[in-house]
Amino acid sequence: MAHLPPRLAWDDVRQAIDAIGATTPVDIRDRAVLLLLATTGIRNGELRAIRLKDIDWRTGEVFVRRTKGKRDRVVPLLEETGAALADYILRARPKVDSPYLFLSFTPPLGPFKCASPVSRIVRKRLRHGGVELGRVAGAHLLRHSLATQLVRQQRPINEVADLLGHRSINTTALYVKVAASQLAEVALPFPGGAA
């Protein structure tokens, strides 16, 4: 399991999301942030770059720009995540003239300018949800958790690679390590019997 990225059990991710209330604007925003990160596997910078016009409500997709691989891509918008985003936009998003989806509630109101506010939101909400955190606990932790969950669900590795925006299947193959028990189920017997 060398070099396996830190990840959370999917039940822990779900528990943290479910623990977020929907009463304050910050709660509503933070729930939308965690759901979008956890269900699409987008990176911190990709989340910060999403504009209101990047959400295609009819097709249930989000256009992701400024990716690490310098390629734009489209990720699916699950129903629960879409509902959380709509709730945020309609009830909680500050009424400022900004094209960006997620905004800070700390003056000056506007888009997140760097990665640390999003990482703080993730850490705070995971802790509030009762999740034990190690040294690494930001948006990438949710990305790794989603990839691990998809592999455990036996989703095709190329599908996982496409969702995560990996150029090389070898990058995504790292997550196959978590499915060692599943690999044992499909392993062929050693020729000539047991040694």
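Contact here means heavy atoms within 4.5 Å. With that cut-off, L52 touches I89, R93, S98, P99, Y100 and L101, not counting residues up to four places away in sequence. This is a predicted model, in which local features need pLDDT of at least 70 and side-chain atom pairs count only at pLDDT 80 or more, while totals for chains, interfaces and linings use all residues. Residues are numbered from 1 along each chain as its sequence is written, and side-chain values use heavy atoms, with hydrogens and water left out.

Stay with L52 for a moment. L52 sits in the loop between helix 3 (44-49) and strand 1 (55-56). Helices (H or I, at least four residues) and strands (E, at least two) are DSSP runs, numbered from the N terminus. L52 and L101 are 49 residues apart in sequence, yet their C-alpha atoms are 5.0 Å apart in space. L52 is partly exposed, because its relative accessible area is 30%. The classes are buried (under 20% relative accessible area), exposed (over 50%) and partly exposed (in between), with a 1.4 Å probe and protein chains only.

Now take the whole chain. The chain has nine helices and five strands. From the N terminus on, the order is α-α-α-β-β-β-α-β-β-α-α-α-α-α. Of its 195 residues, 44% count as buried. Among contacts between residues at least 6 apart in sequence, 58% join residues at least 24 apart.

Helix 2 comes next. Helix 2 has 16 residues, and its first and last C-alpha atoms are 22 Å apart, close to the 22 Å expected at 1.5 Å a residue. The expected span is 1.5 Å times one less than the number of residues. R29 belongs to helix 2. R29 counts as buried because its relative accessibility is 7%. Its contacts include Y88, F102, L103, S104, F105, F112 and I121, not counting residues up to four places away in sequence. After helix 2 comes G41, with a positive phi near 70 degrees.

Helix 2 (25-40), strand 5 (110-111) and helix 5 (116-128) each supply at least two residues of the lining of the second largest pocket. A pocket is an open set of points on a 1 Å grid over the protein atoms alone, where a 1.4 Å probe fits, with protein on both sides within 12 Å along at least five of seven lines; lining residues have an atom within 4 Å of a point. About 260 Å³ of space lies in the second largest pocket. Of its 15 lining residues, S104, T106, P111, F112 and P117 are the closest to the centre. Helix 5 gives the largest share of the lining, three residues.

Another arginine lies in a strand. R73 is part of strand 3 (residues 73-76). R73 counts as buried because its relative accessibility is 10%. The side chains of R73 and E46 make a polar contact (3.1 Å). Such a contact is a pair of N or O atoms within 3.5 Å; within protein, one must be able to donate a hydrogen and the other to accept it, and residues adjacent in sequence count only if both atoms are side-chain atoms.

Finish at helix 6 (residues 139-152). Its 14 residues should span 20 Å at 1.5 Å a residue, and its end C-alpha atoms are 20 Å apart, which agrees. Because 12 of the 14 residues are buried, helix 6 is largely enclosed by the rest of the structure. Among the buried residues are R143, H144 and Q149. Helix 6 is followed by Q154, whose phi is positive, near 65 degrees.

Technical notes: Points joined across faces, edges and corners; volume = space filled by probe spheres on them.
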